[in-house]
Amino acid sequence: MRPLLRFLAIAAVVVYSLLPFLWFVLASWKSPAQLTAIPPEIVPAFHWGFYRSAVTTYGLLAYIRNSAIVAGATTAVSIAIGALAAYALTRFRSTWLRFYLVVLLCVSMFPQIAVAGPVWRILDALGWLNSYPGIVIAYISFSLPLAIWILATFFKELPYEIEEAALIDGCTRPQALKRIVLPLAAPGIFTAAILVFIYAWNEFFFALIILTSPALQTLPVGIALFPGEYTMPWGELAAASTIATLPLIALTLFFQRRIVRGLSAGAVKG
Amino acid sequence: MASLAVTNLSKKFGAAKIIDDLSFDVRDGEFCVLLGPSGCGKTTLLRIIAGLEDSSGGSIAIGDRRVDRLAPRERDVAFVFQTYALYPHLNVAENLAFSLELRGAPREEIRRRVDETAKILGLDGLLSRKPRELSGGQRQRVAVGRAIIRQPKVFLFDEPLSNLDAALRAEMRLELARLHRRLGATILYVTHDQAEAMTLADKIIVLDQGRIQQIGAPAEIYHAPANVFVAGFVGSPRMNFIDGRIDQRGIFTAEGCRFDVGGLTDVQAGESVTLGVRPEDLELAGEREAAIEGKVDIIEDLGSDKFVHLKSAGREWVARVVPETRVNPGDFIRLTASRGRIHLFSGGRRATNPSA
């Protein structure tokens, strides 16, 4: 009885979460006639026209490219700086660790709207509005604290003696970081990377105000701008949303396996 | 290999002196054990020598090179951790080869030395295993292997056997002794286990509260302890102690006991002294020569030894007797000790004359 209840509870949550997703995935495969049919038809005709027009008419590929560049760069920079910062925070001056981490947490809690004005003015003054570096810098201000938090948690768990053994065996600090700490903290690095990537990939508000040039816009903004004055291209919206979701699913599945593997490898004591 | 010299070393955490002005050296090829209770500063001392912690003053020299301002990797020491601290993501061969690779040794040489080290330690068949696939004893061997493959100037061991079970510990102890003889290595070895200290050491340094209590060969530490702390810390069961006075005739008296200690010490008659006698130095005695009389409380029969705990004038005494001795709880027995086996301490320090 209990396993059955558990299954039903989990199923309810999954259905509740996935239903909208399923709805637009099915919608993207419908024919234009099916899309507006009343009563709605559930089973699509596996019609690929909306995908074609999303790419050709609405320039979906450019948005994908922009998103990939922006989210990729945000992730790379956040992890690179975050790993060094988290390492320093957990290894030196441990009395200040909590203080720094709490400050970081507070910083990352500012609502975006509160910093949007200053961020816009700064980027405007730098001439970085409508540029990749501009949006990446804005994203890093939010993603870096997140990355540092996750990585610091993982670094703290690593037995320090393993690193000390490396230092005695002939490593410099940077070598110990590269050869011992980073491989052992791999699960944490992947976790942080995924979360940062998802954040940057989905972010809408900063992208909307910083990237006003259509050539630079990312997927969320691009898709939001599909509807014209007199048109509501539901099919293309559904197709673009499906495509925008796929990389996240693929990444998560791919990294998840590595995270699980990394966890079991790192769990060894001594 | 090289000698190690520590001079006036100290370490403070705030106002607390963890290590207080220590000086000692370890000769080239010597197996030196730092023995002391937990919290006596012995591990901190070892970590300072390795460069893992800063000192608050003093100097450390390996050979004729002063190393106390150098990074750990520049000191040419190897450190075996209590937790082994193997690299979990590397297999046994990679763990062993790690230090050689960092130094850019040729691949051929690395392979040769990994094989050689594995052979010495019986790790031959385990080279491709990860640390998590090894037993405690095997991990211990890898940790030792990682140290010896480097051929460092000095080996530092931090309680390397304390995570092993008793049988394995005794076995590894023997292996370490053999290894030391084979390599002729200079070793500084930290432990709180006196059996390890007594069996492995050429020289023991007894440490308590950050200070050296005594430096000497194991036999010297055991048979001529410099003070009450050393006398009580080394030896199991613990030495029996009793405070009393020596009278004009050279008779030590205290509640419920009297020992003839005439000529054993220069302590003035009437001054208070502490008398110590090890359990194995107490023997059953007749009525005339009896030093202590008491009622047997508990008997611990270990097969090879029999420990008799008795109460005399409210104090507890422990005596080791031959296993064949017929004695039962509640029995009334008399004990004595030969003069040469009696330790006298005045103000906590050894007061037995060296000739005695």
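Trainee: What percentage of the 356 residues of chain B count as buried?
Mentor: Please keep in mind throughout that this is a predicted model. A residue is called buried when 20 or more other C-beta atoms lie within 10 Å of its own. Applied to the 356 residues of chain B, that criterion gives a buried share of 41%.

Trainee: How many helices and how many strands are there in chain B?
Mentor: The C-alpha trace of chain B spans about 75 × 45 × 35 Å along its principal axes. Among the contacts in chain B between residues at least 6 apart in sequence, 65% join residues at least 24 apart. As for the elements of chain B, there are eight helices and 21 strands.

Trainee: Which elements of chain B each supply at least two residues of the side that touches chain A?
Mentor: Between the two chains, 22 residues of chain B are in contact with 17 residues of chain A. The side of chain B that touches chain A has, by class, 15 nonpolar, three polar and four charged residues. The elements that each supply at least two residues of this side are strand 6 (77-80) and helix 2 (92-102) of chain B.

Trainee: Is helix 8 (residues 160-169) of chain A largely enclosed or largely open, and what covers its buried residues?
Mentor: Eight of the 10 residues of helix 8 of chain A are buried, so this helix is largely enclosed by the rest of the structure. Its buried residues include Ile162(A), Leu167(A) and Ile168(A), and also Glu163(A), Glu164(A) and Asp169(A). The cover over the buried residues includes helix 9 (173-184) of chain A, along with helix 1 (42-50), strand 6 and helix 2 of chain B.

Trainee: Which residue just after helix 8 of chain A takes a positive phi?
Mentor: Just after helix 8 of chain A, the backbone has a phi of about 125 degrees. The residue with this positive phi is Gly170(A).

Trainee: Are helix 2 of chain B and helix 4 of chain B roughly parallel or roughly antiparallel?
Mentor: The axes of helix 2 of chain B and helix 4 (residues 136-148) of chain B come within 8 Å and cross at roughly 25 degrees. Angles under 35 degrees count as roughly parallel, and helix 2 of chain B passes helix 4 of chain B in a right-handed crossing. At this contact, Val92(B), Asn95(B) and Leu96(B) of helix 2 meet Val142(B), Gly145(B) and Arg146(B) of helix 4. The arrangement of helix 2 of chain B and helix 4 of chain B is therefore roughly parallel.

Trainee: How many nonpolar, polar and charged residues has the contact of helix 4 of chain B with helix 5 of chain B?
Mentor: Helix 4 of chain B and helix 5 (residues 166-183) of chain B pack at an angle of about 20 degrees with their axes 11 Å apart, and their crossing is right-handed. Here Gly136(B), Gly137(B), Gln140(B) and Ile148(B) of helix 4 meet Leu168(B), Met172(B) and Leu183(B) of helix 5. By class, this contact has four nonpolar, three polar and no charged residues.

Trainee: Over which residues of chain A is the pLDDT below 50?
Mentor: Chain A averages a pLDDT of 88, and 94% of the residues score at least 70. Where pLDDT is low, the predicted coordinates should not be read in detail. In chain A, the stretch with pLDDT below 50, which has 19 contacts in the model beyond near neighbours in sequence, is residues 262-270.

Terms used:
Residues numbered from 1 in each chain as written. Chains lettered and ligands numbered in written order. Predicted model: local features only at pLDDT ≥ 70, side-chain atom pairs only at ≥ 80, totals over all residues. Contact = placed C-beta atoms within 7 Å. Helix = DSSP H or I, 4+ residues; strand = E, 2+ residues; numbered from the N terminus. Nonpolar A, V, L, I, M, F, W, Y, C, P; charged D, E, K, R; others polar. Buried ≥ 20, exposed ≤ 12 C-beta atoms within 10 Å, placed from the backbone. pLDDT = per-residue confidence, 0-100. Axes fitted to C-alpha atoms, helices over the stretch in contact; angles between N-to-C directions. Parallel < 35°, antiparallel > 145°, perpendicular 65-115°, else oblique. Left-handed = near helix turned anticlockwise from the far one by under 90°.
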